[in-house]
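Keep the model open beside you as you read.

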Amino acid sequence: MMMSCVGEEVGAFLKAIQESTISSQSFPGTMLLVYGAYSDVQHQIGSYEEAFRQHQNHFDEKIVQGWKKALTEVGQMKGWELENETNGQEGKLVKIVVSKVLLELKKKYMVVTDNLVGIDHHEEKMMGLLNVGSNDVCIVGIHGMGGIGKTTIAKVIYNKLSVCFECCCFLADVREMSQNNGLLILQNQLIYKIQKVSKDAANVDEGISMIKDAACRKKVLIVLDDVDEKSQFDKLVGKHNWFGSGSRIIVTTRNKDVLNLLEVDRIYEPPLMEHDHSLKLFSKNAFFRSDIPPEDYFDLSLEVAIITAGLPLALEIIGSFLFGKGKAVWEDTLMKLKEIPYDNVQKRLRISYEALDDKQQQIFLDIACFFIGVDKRLPFYMWDDCKFYPTNAIDVLCLRSLVKFGDDNTLRMHDQLRDLGRQIVREENFDQPGERSRLFIHEEALDVLVSQMGTSKVEAICVEAYDPFEVFIDEEFRELPNLRFLRLDYADLVGDFKQLLSNLRWLQWRKCLGKSTISNFHLKNLVILDLSNNNYLKDNWKDWSQIKLWEIPGDIGKLSKLETLTISNCNSLVKIPTDIGKLSTLETLYFWGANISTLPEEIGALSRLKQLELHFCYNLKCILGLPSSLFKLCLRGCTSMENLPDLSNLKNLSELRLNATKLNEIRGLGKLDLLMSLDIIDCGPLVILPDLSNLKKLQKFDSRHCKKLEWILDFGKLELLVSLNVSRCESLLNFPDLSNLKKLQTLDTSHCKKLIEIQGIGKLEMLTSLNVSWCESPKRLPDVSNLGMLKELKLLKCQKLAKVEGLGGGYEILGDTRCVMVLNYITRALAGCLIGAGIWLVKNLLVKLLASSFQCTRFFDRIQESIFHQYVLRTLSGPPLMEMAEKVGSTASTGHLSLRNLKEKAEAKEEVVDVDKLKKMKQEKISAWTMKGLINVIRSSGLSSISKLTGQF
């Protein structure tokens, strides 16, 4: 049973490694398995010493010394020692290793810059403060000025330690989130990370209770980044007793007083960077990852590094700003830096901001105030229409490290730069918010609107009313002629908006009550409209016409510029008006969770539509028309979709995703010449796919879970195809010849139970991964000897497949599971383990031989003499030998000595020593086993002395 469990876990372990996207660099440490003792490895003693002595006779001294150095380093690594961990039981140790690696692979690591310098010192200090080995709950605070690297240190420690905890959660930007009623969002994020179940709290108080209940028995690692108030801490992690033993909480803050109020266990205050580290970090940014500045810039670089006082963020920003600049700019920048006090971080960062042109500055301020965490493509529409030239501006901002992109293509910005941008906006007028360009704080925005103190300087407003709901009247927008961005959450509009909001580019109007009574709402410059989470929204909603979205008399107020329309989670919307076809500039149309049953034919008239996405529109049955301008068409979770128009006119389509639909036919698919990505997943009724041979640009094809799919006619010459997945197509009978897919790297045909043959595999020279698991019908695979790039071959439960030709003479499929995992690096690892086991066994044997040799040399003569003397004493003190012989019926000498074990009970069996044989034994021929037996006899038996024996008479 144990071997079965181990096998299953190892299988899961290998699968997790193969399917994971993390690299070896993602692991915070190397995990080492040692057969024998670490000291033997580290110091090359025992069997290792003997082995090296022999190697010195056959190899160059430098090579042998290199091996010794490598083993010394290995011996210093942390890992598992077979004897110490599981008393030599390899099965148990394998389970430990597998569980640890599986846990490692499941972790979500935080993204950290590649240009880390001097992090080792911080890491060492933090590891000492956290003392992860202890079972107490420990809270450690990281305190320091903005830009010192608190978040980076927290991320590095989080990545390193996450494998050691049951649950891990990194809550970023706590200060920012709490200002926008986001504590509940953070609570729910934490609850999900702990419970692994999406169950949100309704309010903050319920969130506190749910966190305590979920975490009280779990060992957790939680990071709260950028905390500035005790209430934030209290509502997220509260007290030590909320969490299970061994839990660790890390809190970063600029305010040391907060840590004192929180009564944290330990505090770490990162020191400023040393000059050599400062110079290195600056050089990496100013000279494109070079550790040392060029000779002609060395003195200038050193001076900048010293003046920036070892502040990592300032070094990165200023270095990025000076990248590619001439010496004149360097010298001017140096003079400005000298005039700024060393502790004024924002003024130092402002140098880079002031070097931007006006349009770039506008985009920087927009991101700092509104768009952190937003998909970069959305504000591009507004910036384009405002002539901010966003493509060039974003390139400049990224080059100067003022803006970065997240993994999900979202805009990111360091909190110190965010604060700089918002401070610049505040400085426009400290006393009167209505004189500022951007109102990003709810209370200030609400006050300006309600008091009607807005001016022509206001360009963007964000109002998140939540509780209570707000109602705004037309007069409150009367003095805002230049407003281009308006976000209203939990708010309604009332009044006549004639000639108001004429410059508005982006309206995000979500979660309103549907009680708006507006007229003349003519948004002629609107480019982005987001009406998400509005359950009042219906096809006959009275304000549709007032927004002038579908039909507007004449040319005034017509939404001639609308480019993006988002309608998600509007459950009451059951019909799309046919006038949607008049939105001639629309480029992106996004529906999520609408109850519409049909997409009208007029959609086909949208000549500029590039992206059409419909997610989880469960009642959607058909689309009557599609425009030829589409680049991306996505239907996901539209489980009632039965009819799709002929796609042959979509000549520009590059991405097609049809997931979880009832489509039984996809007409025109074979004529999409520019298609690069094709997903047809879980399309239940689909039986046959058309000829795909003309899709010469196709790079990815995925038709998983199409359980009735029987035929794929032809792949032709899809020379650019990289990934092909037809797994779980249980009815698939025919598979086209693959020999022309010269660039194919991954092929998955697993669970295709009726698939008999896969032709052309042997010619896929770029193939790195092949999965034919659970294919019960194939009896053979083509010769794969030409697959020099192959790293992974999965053949689980291939019932009839007995051999794989071409892999070093073929690998036989063994075991009940008939499974082969051909992975070169795993083979080498197993070979290393076997060698290590052999060395361990040889070492133990040598130790035993040496021990027996030593014992024989030192003790044998004395043991032999003692036992013989005991025999003489017993014989002399007992009856005559002739008398004993008559009693036992023999005339021969007994020659035996019986010794009772004094440490056992009275009924214990006596040890009998043959004295005649003992006298004939030679020291050099005695075995270790015999010597061990003699020693046990001497230890456990009391040998009589002459005085004791004479005392018995």
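This is a predicted model: local features need pLDDT of at least 70, side-chain atom pairs count only at pLDDT 80 or more; totals for chains, interfaces and linings use all residues.

Start with helix H17, whose buried residues are Trp330, Thr333, Leu334 and Leu337. These four cover an arc of only 105 degrees around the axis, which puts them on the same side of H17. The arc is taken from the directions that run from the helix axis to the C-beta atoms. "Buried" here means under 20% relative accessible area, "exposed" means over 50%, and "partly exposed" is in between (1.4 Å probe, protein chains only).

Residues are numbered from 1 along each chain as its sequence is written, and side-chain values use heavy atoms, leaving out hydrogens and water.

Back to H17, which spans residues 327-338. Its 12 residues reach 17 Å from the first C-alpha to the last, close to the 16 Å expected at 1.5 Å a residue; that expected span is 1.5 Å times one less than the number of residues. Helices (H or I, at least four residues) and strands (E, at least two) are DSSP runs, numbered from the N terminus. What does the buried side of H17 pack against? Its buried residues meet helix H14 (275-286), helix H15 (298-307), H16 and helix H18 (345-354). Turned away from that buried side, you'll find the exposed residues Ala328 and Met335.

Now hop over to H16, which runs over residues 312-322 and holds serine 320. Is serine 320 buried or exposed? It's buried, with a relative accessible area of 4%. Its side chain reaches the backbone oxygen of glutamate 316 at 2.8 Å. Leaving aside neighbours within four places in sequence, serine 320 is in contact (heavy atoms within 4.5 Å) with Asn285, Leu399, Arg400 and Ser401. Not counting residues up to four places away, alanine 314 touches Thr308, Gly319 and Leu349. Alanine 314 and valine 345 are 31 residues apart in sequence, yet their C-alpha atoms are 7.2 Å apart in space.

One of serine 320's contacts, Leu399, leads us to helix H21 (residues 390-399). The buried residues of H21 are Pro390, Ala393, Ile394, Val396 and Leu397. They cover an arc of only 160 degrees, so they sit on the same side of H21. On the other side, Thr391, Asp395 and Leu399 are exposed. After H21 comes serine 401, whose phi is positive, near 60 degrees.

Let's finish with some strands. An open sheet of three strands has the order S12-S14-S16, with parallel pairing. Strand S12 (470-473) and strand S16 (517-519) stand at the edges, each with a single partner strand, so one side of each has no neighbour in the sheet. Two strands pair if DSSP finds at least two bridges between them; S14 (residues 491-496) and S16 have three. Aspartate 496 stands opposite serine 519 in S16.

Zooming out, the chain has 29 helices and 36 strands, and buried residues make up 47% of its 953 residues.

Note on methods
A polar contact is a pair of N or O atoms within 3.5 Å; within protein, one must be able to donate a hydrogen and the other to accept it, and residues adjacent in sequence count only if both atoms are side-chain atoms.
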